[in-house]
Each structure stands twice: as structure tokens, then as C-alpha cells.
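Here is a short note for a colleague opening this entry for the first time. Please keep the structure in view while reading.

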Amino acid sequence: MPLLQATHVTKTFGNFTALDQVNIEVNKGEVYGFIGPNGAGKSTMIRILLGILQVTSGEATVFGMDAWKDAVHIHKRMAYVPGDVNLWPNLTGGEVIDLFTKLQGSSNKQRKDELMEIFDLDPTKKCRTYSKGNRQKVALVAAFASDAELFIFDEPTSGLDPLMERTFQEQVLKLKDAGKSVLLSSHILSEVEKLCDRVGIIREGKMIETGTLEELRHLTRMHISVETKRPILELASMKGVHDVVLDENKGSFQVDTEALESVMGYVSKSGIVHLESAPPTLEDLFMRHYESDEASQADEVGRDEQ
Amino acid sequence: MNNNSFEKTGILARFIMRRDRVRLPVWILSFAVVSMVVAITFTDLYASVEERQAIAETMKNPAMTALFGEAYGMNDYTAGPMMAHQMLLLTAIVVGIMNILFVARHTRTSEEDGQIELIRALPTGRLSQLSATLLISTVVNIALALVVGFGLYALQIESIDLEGSLLYGAALGTVGIFFAAVTAVFAQVVESSRNAIALSFSVLGIAYIIRAIGDVSSEFVAWFSPLGWILRTEVFVNNYWWPLLLTIGVGLIFVGLSFYLHGIRDIGAGLFPAKRGKSTAHTFLLHPFGLALRLQRTGIISWLIGMSVLGMTYGSVLGDLEAFLSDSELMQELLQSSAGASITEQYITMLMSVMAMMCVIPAVMVLLKLKGEEMKNRTENLFSRAVSRLKVFGSYVGLAHLVGIFALLVSAVGLWLAGLAVMDDMMSLGTILQAALVYVPAMWVMISLATLFIGFAPSTVYVTWIYLGYAFVVSYFGGMLQLPTWLEKISPFAHIPEVISEDMTYGSLVVLTIISLIISWSGFILYKKRDLLG
Ligand SMILES: Nc1ncnc2c1ncn2[C@@H]1O[C@H](COP(=O)(O)OP(=O)(O)OP(=O)(O)O)[C@@H](O)[C@H]1O
Ligand SMILES: [Mg+2]
């Protein structure tokens, strides 16, 4: 039984469909990356999992309990950090952290002090005077100080400096080592790549891809740069080859995983002098979904015109 | 201050107009329509000289002066003087409220929400947003003055002549400009728009109280209140224009002060640097109720002080009232023969209902805070943790009821204390408290209505204000305008027994209580079931 499960979750606001039949599964001890462009529906999904919004149809369960009905029970074992942390201007950071940990149920003073140290946070300042990053740190300290089993982060590092971002990543890895589960929504793909075991890509309310990074990579292209004895001019016209940059015997290109075998066959016939290959980054993967989508939209337009 | 400080004021002013393109015309028209309807009603209701002078007699006492202000032209109490006496002050207060809300919205609220930062990053002047806001508020107040003035004149009522009508409108507009300026100053001094609004409302309240004290006992004191000034136009009777010049002159000083203060502070900040606070939370804060109370502490305390001062002010009139009654045998006969209640008792009963309605305001504001929290995405902080909706909603609803009752108690005690000081045979505290507390079920109905609307959808809460305003108008003017009984009975406050002069009856109180329980309960159910905005 997965720790967190959303099955066919649909959410509409009026006649706008924000989520359309979304499925998510986060297992115990797993860090799940949730990525997608602005307005894709990530925060909406997370708010459903938090029991702040109710599903229009489908089912969202956490720890096997209904996310809407059993919200309070669930939240005792869960911690959440939003991307846009809104705090009370006239309370201090320290007061807010105490409030949050108390409301969550568990509080560990020593751990809290440690985290404030690590995140370099001054708890005596009024929230009004905190910078965006410092407000985020308040929520992060409260979350990491809890004994939750499941952590949900919605773009938690959008205001953090690179140093703090790294601190955040270290803390998440610690959680992972401790066997906790994490749902991480982020626009920073390198972060997702570094931390996540599995990734789900959402676009316009639909999950368009899920799987481990390895699985997803399989669906996409390798970066190849090569130097050969003889020119490889046919490369540009081969199926499954993209972004070709050729300079006589040297060249770099991308190749779809399915076409790898035939392309490499051709290249090796030309006598390989030097070859480098790099796995696709998540960014490539992400971009490919856009490109292919734009392409398919262009197709549709083309079809309409015919 | 260089001459770029006002750059692009015109464009920003147009933008403000655009944002408020519905609100502002509605406000202006409402003032005009209400003023005209009341003027017509006065004319129709009191057609004969006898009727008019009879009502003038009942108006000529300190209690009425405290409520409505100094009366002029009582020897010929026609529609004009009636308007000046019974409508001007109250309308002026509402105009003041409108201006306070308008200016705060476009200055400190915009700043809090970060909009000003965006605007200032564009090639606009440092003072442009403030000057655009004040410019539009001035335009609106002038429009209000003209629309109300010509509207009244258009009725062609004999005692409502052109000069008087224009002066009446101008008096309202002037008060508006004054309170717009006051709010502009507070918007620079404090960091949150809530506090800026609260401080401006306090000035309005204090102006009312100073005027009441001044009108009843000392002309000199009344000169310290802008509301006192505009009443001294003696509109429709003597038509003095110069008190308006005084009001505008002082208003202009405040405008200058607000520009100066704006120049010397940082954006987003108040005048005073933020202090450091505690690094850990008090245990009291660690519960949604404690949090709700802590967040509104200052506002609640201010309201309690304000209500007790108001109670004392009204109470202090009792002595004058007693002296007045013993002087005027005619009045004594008139009132004591016609009804069983003495005029003091009637006065106290009327005050209790007014004060109970006033006490609904801080209570509903507590609930509005929950709406504000939701709009600012802060309830998410609670509901994403192990806190049930029932607990948070219950905390706010409970706090609202507590604040309402406490406000009522302190105003009643204030009234009793002041009465004790000025009267020889003041009623017992028990009687006064009972007279106050019978209104609690009516307050419950109002508060539970706000509960229902927040549970249903926060954007609908304003309906509560309309209903409260309605209840206020029918109780204040019901007798005067001789409204049909059913119109009065729509207000829950109309069903409260007058326990000072009549016997206590429980029937209607029980019904009101049951109604409010049902409404509240629905509010809770709806709040549990709906999507939260954040
Ligand atoms: N209460 C609401 N009413 C109407 N539409 C809404 C509401 N909340 C969200 N939406 C819409 O649902 C869509 C998904 O929004 P959501 O905030 O989930 O996006 P997101 O993936 O988190 O984007 P971002 O990366 O920018 O944070 C958006 O188009 C948004 O406008
Ligand atoms: Mg989002």
C-alpha cells in the first residue's frame, strides 16, 4: 500500500478543469518529484492532498486515510512547506515556529535550535521584517523539526540562496536516510534530479509522465558528441536524430533512445576516433514535452487548415 | 522634495477610478437617494405646524442633543431644520467611514499587498500614489456634495432652499475630505492598514464623543471636533459657510503632514522601526484561539475602551436630562401621561439598542479577520497541520461572541458609572445590566449571520453589514419616519422587550436564540464542507 495515493483525481473550478484524472503514488522511504510548468496544477494537487480543497471526483488518500475527511489525523504525521510562505506580520519567527510545531503535534526543542542554527535564522525578528527566503526558512525549520513521516514541499527553495538551497537538499537526504517519504514540487530540475527517486510530470492538469528517472530517461534522447575518420553527413537525415551540429568529421547531436542502435551503427562504420555520450538531463526531458506538444499543436493547426 | 515627486499622478488617479468604478458611484448615489427620501418623508409626515412643533418639543432635550447634535431652528421645525438636526451628523459619520476605507485601501493596503512597490518601480513619483488617492477622494467628495446638494434642491421643498441644500452637501463633502486627510496621515504612521483604519475610526469616534459632550454641556468643547464644526453651519437655518473653511483648512494641514511623513519613511515601513520580539512563543499563543486573540488584541482592546467611553458619554447626559425634566413641567406631563415610561427610561432603552448594535461591529470584525486570514493564505498554515476546521472556526466564532458581550458589558457599566456620578437616583447596576443583556440574543442573530456567510463564502459577509445598517436605521429613525411595523420587525433588535419600562418576557428571546443557533450551525457545516481559498 503506497503511503500517499491519488487515483483519478479531477478538480474543477467552475468550468475550468485544473486537474484531470491525476494519479500519484508515493511509497514509504521514497522522494517523489512533482514537476510541471506554471499553472499545471501542482499546488492544486497538493492542496487536495492537504484536505484544503475537495476533489471533484477521484480519491486521494494519505496513510490509507481520506485526505479530506481525515485531514487532522493525517496532518499529525505529515509536514508541509508552501512555496509562498505567508506569516503574521506582528509575530516573531520564533513564535511562529513554536506555534507550527505545536499545532503539528510534535516538538523537539533541541532539534529546532539546531535547525535555526543550520538555516541561519534569527527568531526574534518580526515576520513583517523577514525577507522572502527567511519566511521560507521559518516554515522549513518548523517542518524539519517535526517527527512527521511524510513531507510535502511545494517549491520550497524558490526564495533560498544557493547555500541554503544546498542545506535544504542535505536535510531532505537526511529524511530519506531516516526512511521518511517526501513529495517535492519544484521548478529547479537539478534539485529534483539530485533528490528524487521517482518523478511525475504534470501539464495542463494531466499527468503526462511518471516513473523513475532511469525509466524517463529511457524515453528520451542521449547527447552524443563524436569525432570520426570519415564525414558523417547522412546523420542529419537519419530518423530519430536531432539538433545536429556537424563540422567535417566532428559533430554533436541528440538521438532518440529507440534510434540509438541504427545511428550508432552508422557512426561506427565511419570510424570512431572519439566519442562522448551523456545521459539526458531532466531539463531535456522536460523541454522535449514542450517541443513535442508544440509540434503536435502545430500538426493540429495544419490539419485544421487542410 | 523635487518636482518629480508627483510624476504620473494623473494616470494613477485614473487607475484608482477604474478599480472603484462601481463602488464610488454607488456610494454617492446612495447618499443622495437616502437624503432625498428622508427629506420627502419628513415633509409628508409632519405636514402641519402642530405636528412639527410637537416633534420639536420631544427633540428639545439633552439626550437628543447628545445623539443628534445641537438643534437649530426649533421654533420653525420644518423639513430643512429636521434634516440638519437629525440627518446631517449621522450621514457625515458614514461619509467619514467611506473616506477612511477608501484612502486606507489605496494607500496602506496596496502597500501591504506589494502593489505600491510595483508602481514605484515604474517611472512614477514618490508621492504619486498618495496624491492620486487624495485627488480622487477630493473629486468624489465634491461630486457627493454637488449630487446631494442639487438632489435636495430638486425636491422643491419650501424649507430646503438652494443655498441650504448646497451647504448641506458641502458639509458632507468637507467631512469626507477631512477624514480622507486624517487617514492619509495614519497610513504613513503605522504599518498595517487594519491599524490605520482603526486609528482613523478612533478619531471619528472621538470626534463624535467630543461633539456630544460639547453640544450638551459646553460650546467650547464642541469646537474641538470636526463634527461639531459642520453642525455649526446651522444649515437650512442660518447657513454659515465659514465652519466648512475651517474644516478644509485643518484637513489641508493633515494632507501636508501626510506628504511630509511619506517622504521621510521607507516603503512598507511605518514611522517607527520594528522592534525585536520574543524568540519563543507563550503557551497561550499555541492554540488557534490564543492565536486569534493575539492577532486582534490591539483592535479588541481599542473597541472595549471605545465602547466604555461611549457608554459613559451617553450616561453623562442623564444628569442634564434629569435637570431638564424637572424644569419643564410640560414635558413631564406629556411624557408620563402618554406612556408609562419616563423619558430617562426611554432614553436608556434606546441607548441600549444603539450600543448593542455598535457592539456587533467588533464581534463581526473578529470574524472578518478569519476572512482576511484566508484571503492572505494564512489559514493554510493552520489547516496543513493537525488542526480541525471546527477548532479554528470555533475559536473565531467564540471570540466574536465574547468580544460582543464584553463590549456590551463595558458600555453598560460605563453608562451606569457616569449616570451614578451625575444623577441623584440612578437605577441599580442590575437593572442597567439586565437592560443591556436582553439585547444579547439579537446580537447573536447578527453574529451568527456573519458566521453563516463566512462558512458559505467569505465574499458574502458584507450582507451582514447591510443588515446591521438596516437594523440601525429602523431603530434610529423608525419612530421618526413612522415606518410600517413589519419593516421594523425585520430587525432582530425590534423584538427585544423593553425591560426597564415593561415586564420581562422571554418568548422572543428564546426564538431569537434558536434562530441564531440554527444559522450558526449551518455556518459551521458549510465551513467544514467548502474549499478554502488558502
Ligand atoms: N481557486 C481557484 N479558482 C479558479 N482557478 C484556480 C483556483 N486555484 C487554482 N486555479 C487554477 O488552476 C490551475 C493550476 O494552478 P496551480 O496553482 O495548481 O498551478 P501550479 O502547478 O502550482 O503552478 P506554479 O508552478 O505556478 O506554482 C491554474 O490555472 C490556476 O489558475
Ligand atoms: Mg504552485
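Predicted model: local features only at pLDDT ≥ 70, side-chain atom pairs only at ≥ 80, totals over all residues.

The points below go through domains, cores, cysteines and the ligand.

1. **Domains of chain A.** Chain A splits into domain 1, residues 4–216, and domain 2, residues 221–279. How far apart are the centres of domain 1 of chain A and domain 2 of chain A? Taken over C-alpha atoms, the separation is 42 Å.

2. **Domains of chain B.** Chain B also has a domain 1 and a domain 2, covering 21–271 and 284–534. The C-alpha centres of domain 1 of chain B and domain 2 of chain B are 25 Å apart. Domain 1 of chain B gives 26 residues to the contact, and domain 2 of chain B gives 25 residues.

3. **Main core.** The largest nonpolar core holds 235 residues. A:Phe153 and B:Phe493 have the most contacts inside this core. Which residues does A:Phe153 touch, leaving aside its neighbours within four places in sequence? Among them are A:Ile46, A:Val81, A:Leu140, A:Phe144 and A:Phe168. The list also includes A:Val172, A:Leu175, A:Val182, A:Leu183 and A:Leu184. A:Ser185 is in contact with A:Phe153 too.

4. **Second core.** A separate core of 11 residues is also present. A:Ile224, A:Val241, A:Val255 and A:Tyr266 are among its members.

5. **Cysteines.** How many disulfides are there over all chains? The count is zero. A:Cys127 is buried because its relative accessibility is 4%, under the 20% cut-off. B:Cys359 has 0% relative accessibility, so B:Cys359 is buried as well.

6. **Around ligand 1.** Ligand 1 is surrounded by 13 residues. The closest are A:Gly39, A:Lys42, A:Ser43, A:Thr44 and A:His187.

7. **Polar contacts of ligand 1.** A polar side-chain atom of A:Lys42 sits 2.7 Å from an oxygen atom of ligand 1. For A:Asn38, a side-chain N or O atom is 2.9 Å from an oxygen atom of ligand 1. A:Gly41 uses a backbone N or O atom, 2.9 Å from an oxygen atom of ligand 1. On its own, ligand 1 has 640 Å² of accessible area, and the protein covers 61% of that.

How values were computed: Residues numbered from 1 in each chain as written. Chains lettered and ligands numbered in written order. Heavy atoms only, no water. Domains from an automatic or database assignment. Disulfide = S-S within 2.5 Å. Buried < 20%, exposed > 50% of the residue type's maximum accessible area, 1.4 Å probe, protein only. Core = buried A, V, L, I, M, F, W, Y, C linked by side-chain atoms within 4.5 Å. Contact = heavy atoms within 4.5 Å. Near = heavy atom within 4 Å. Polar contact = N/O pair within 3.5 Å; in protein donor to acceptor, adjacent residues only side chain to side chain. Areas by Shrake-Rupley, 256 points an atom, 1.4 Å probe, with all protein chains shown as cover.
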